[in-house]
Amino acid sequence: MSILIKGGRIIDPSQGIDETGNIFIENGEIKSYPKTTKKFDKDPDVTVINAKGKIVSPGFVDIHVHLREPGFEHKETIRSGCESAAAGGFTSIVCMPNTNPVNDNASVTEYILLKARTEGIVNVFPIGAITKGEMGEGLAQIGEMYEAGCVGVSDDGMPVMNAKVMRHAMEYVRAFDIPVISHAEDKNLSGTGVMNEGYVSTKLGLTGIPCASEDVMVSRDITVAELTGARLHICHVSTAGSVRLIRAAKKRGVKVTAEVTPHHFTLTDEAVNEYDTNAKMNPPLRGKKDREAILVGLKDGTLDAIATDHAPHSEDEKKVEFDIAPFGIVGLETALPLSLKLVEDGVLTINQMISKLTNAPSEILNLGKGTIKVGSAADVVIFDPGKELTVDREKFHSKSKNSPFDGWKLKGKVNYTIVNGEIVYSS
Amino acid sequence: MAENVLMDSETIKRTIVRITSEILEKNKGAKELVVIGIRTRGVHIAERIVNRIEKLEGIKPPMGTLDITLYRDDLRRKTEWPKVEKTEIPFSVEDKEVVLVDDVIYTGRTTRAALEEIMDFGRPSSIQLAAMVDRGHRELPIQADYVGIKVNTLSTEEVRVHLKETDGKDEVIVLKG
Amino acid sequence: MKFQRKHILGLEELTAEEITLVLDTAESMKEVSERDVKKVPALRGVTVCNLFYEPSTRTRSSFEIAEKRLSADVLNFTLSHSSVSKGETLLDTARNLEAMGAGVIVIRHPMSGAPWLLAKELNSSIINAGDGSHEHPSQALLDLFTIREIKGKIKGLRVVIVGDILHSRVARSNIWGLLKLGAKVRLVGPPTLIPKYIENAKIRTFYNLDEAIEGADVIIMLRIQMERQESEYFPSLREYSRFYGLTREKLRGASEDVTVMHPGPINRGIELSSDIADDAGSVILDQVSNGIAVRMAMFYLVASAGRDA
């Protein structure tokens, strides 16, 4: 099957391209950028997509997704998670190891990859655990998981509290040149906290998680990364302190990268008012100053990538007292319009925004994705950046609907998602 | 809206005099008498009756005020409930001749609520009702013992008792809807 | 003015006018409590459910008496939260009560915001009887009622709240109520228990009791929970009492006719020295009887606004 994408604005930061043109896809690959399209127009074997007025870019890459399978299939499966990704314009997703069983050995990795090959419609890359069962002690089978296909290690959600364990993990991964991905949080400082510590938490009588809880750990991990020379990636940065620490570390040459979620660059802890459990996530939504610092960090490149931390939970699990509701929200299907808002608000250029969703995250984990160079796998998204839409959770492809953005009026609609030359989503 | 004056201030004055005399006549003086006015205008009429009794008999019967809001039978239907004011009956009604005073008797439901409320304060030997205007249209088997004026009205009409204390002047008017 | 709220979840969202209306209505209700027959038919036919996830005989009894004085049908449901967390969800339990015809649900819950969940998901009127560290509106309203009764006003009064502000729902509700009615509020306690962010609400905070109660007209003492010393909030109750317990001597700096209040039950010798506890005793009993009147007012107003026309 061949596809001709005609007349779109092609933006590919990996090649520095921003021009109107055509893309021809054949045998799952980007074949050429034909100047004229006459010879394809009459070819019955070529599917022609008119992309006039649309943006054509490499398919988005989300390096922080919870697919929930195995173990929590009522929240999400590899199949539904992939469908959600495709609907959001993502062609490659990286899934976190906090499944049941935890992805801490090669057989779980192989299971995920097998499922992804047979049922998934986008590329899936697993992350392995740092420690056995994400329990913070004893290294997981990192080497074997790497061989099986893991692209990094993380105890996401269960930060490694013991600095010595973290040191050894960082030293050990150097053998495979994969990064350690840190959910930076001091669990003791967080305590029983359920939201950002500040005026809102004080008003609501909810236990706060101070910014220091993240800052302390970012600081420790940067220090250990300096000690070991490992590649460190900081997940879902939420505080001004983290941005400052990462900026300084990068400046002195530490191999550190960082991601930020759309909810952290869009919302503040004010969203928790009225105890909305769909505004409960970890790290929590922070204050105004933190959000401002994140915007600066996005702009100046301190924050390399946008990642969703897509964390599906069922309706029943979220419709409970705030204290006992699980942390996390779905994000794959709202990431594009929320990121486009950064462009509208002048924080990023459209090229920068696309870079943070394509080549930048791919480079962090060496995925070889996020590009539409001739010869690369044909992972492409076509979207209309100006198209207005109202977020409707009932229309999500994800099994879960836990989004604080339900009902929001935003701009940016995915028209086509193409993975390995196949149209996996069209609206 | 057409307005028809039913009683002027002179008439009201004479009517209070008459009602007071009737009360005293029926109860053979003021010894066991207590007077309770229903908020808001019944209270002011009750005050006038009490003052008149004092003038005639030399004793001032105890006076109380009743707010029947919490006893209304239409609370279940209303979308906004009236503000609750205080009921003040700072004396025992046990074995007393209670004269209940209201400005207008109409459906009888206010009186029903007032009777029920007074009973919660004790067991009077009797309860009598005085009203400045009886406009008919009773929905309950309740009658006034002392009536200022009896008029036939349409239910679309409104009867208003204006008193100096609340409205600046004394008069009873009928508003035709 | 009319009361338009279907629920009373906290004082933070009430206006000064609404709070005053509750207090005024409570005055009329207090008169009912002084009668021989302490019962009026206003809530006849309304079923009120007291859904308590924390044992609180005092608050529950006060609500129950208020309900009965208004002739409501009362349904008591006391559950321990530890067993509940394994079993039925809060929402399922509450939906069951609603199906039984509960027009008003009074909820006491150890987690902040639990009443909000019910208000969002149910049709019944919800009255918050204390949620986690969030609000305890009926307690604050009765405190305001008592202060107004004793002092004749609230505006301009210097009110000091002493103790564990961080975890206290009584403190939060009182803070909002007092500020809205124009009082000057000061908070004092160990720095670990005074959330610094509260200063956003234009309240002065102190760590020294003597400084805080200088010239105070009213002092509200909060109950200190024994378990706080286990979480390093302070070293020991003895030390807490030494710095933040109210004694006759410390009270000298306050205004001459200072009123000392306590939501009860008092830890004698810890929050209040025994003699002050005795002096404060009469106010505390006033608070108890005022509590019934205030709760009657809350029911009357919520039931009136909460019906579907």
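Mentor: Let us begin with chains B and C, whose contact takes 15 residues from chain B and 17 residues from chain C; two residues are in contact here if their C-beta atoms, placed from the backbone, lie within 7 Å. The side of chain B that touches chain C has six nonpolar, three polar and six charged residues, where Ala, Val, Leu, Ile, Met, Phe, Trp, Tyr, Cys and Pro count as nonpolar, Asp, Glu, Lys and Arg as charged, and the others, Gly among them, as polar. This is a predicted model, in which local features need pLDDT of at least 70 and side-chain atom pairs count only at pLDDT 80 or more, while totals for chains, interfaces and linings use all residues. Residues are numbered from 1 along each chain as its sequence is written, and chains are lettered from A and ligands numbered from 1 in the order in which they are written.

Of the two pairs of chains that touch, chains A and C have the most contacts. That contact takes 20 residues from chain C and 15 residues from chain A. On the side of chain C that touches chain A, the elements giving two or more residues are α4 (90-99), α5 (114-121) and α7 (169-180) of chain C; helices (H or I, at least four residues) and strands (E, at least two) are DSSP runs, numbered from the N terminus. Among these, α5(C) gives the most, with three residues. By class, this side of chain C has nine nonpolar, eight polar and three charged residues. Chain A and chain B, by contrast, are joined by no contact, and their closest C-alpha atoms lie 26 Å apart.

Now to the backbone of chain A. The peptide bond from A:E69 to A:P70 is cis, with omega near 5 degrees, and A:P70 is found in the loop between β6 (60-65) and α2 (78-87) of chain A. A cis peptide bond also runs from A:N282 to A:P283, with omega near 0 degrees, and A:P283 lies in the loop between α10 (262-266) and α11 (288-300) of chain A.

A:D309, a residue other than glycine, has a positive phi near 55 degrees, and its place is in the loop between β15 (305-306) and α12 (315-318) of chain A. A:D309 counts as buried because it has 29 C-beta neighbours inside 10 Å, the cut-off for buried being 20 or more other C-beta atoms within 10 Å of its own, with exposed meaning 12 or fewer and partly exposed in between, all with C-beta atoms placed from the backbone.
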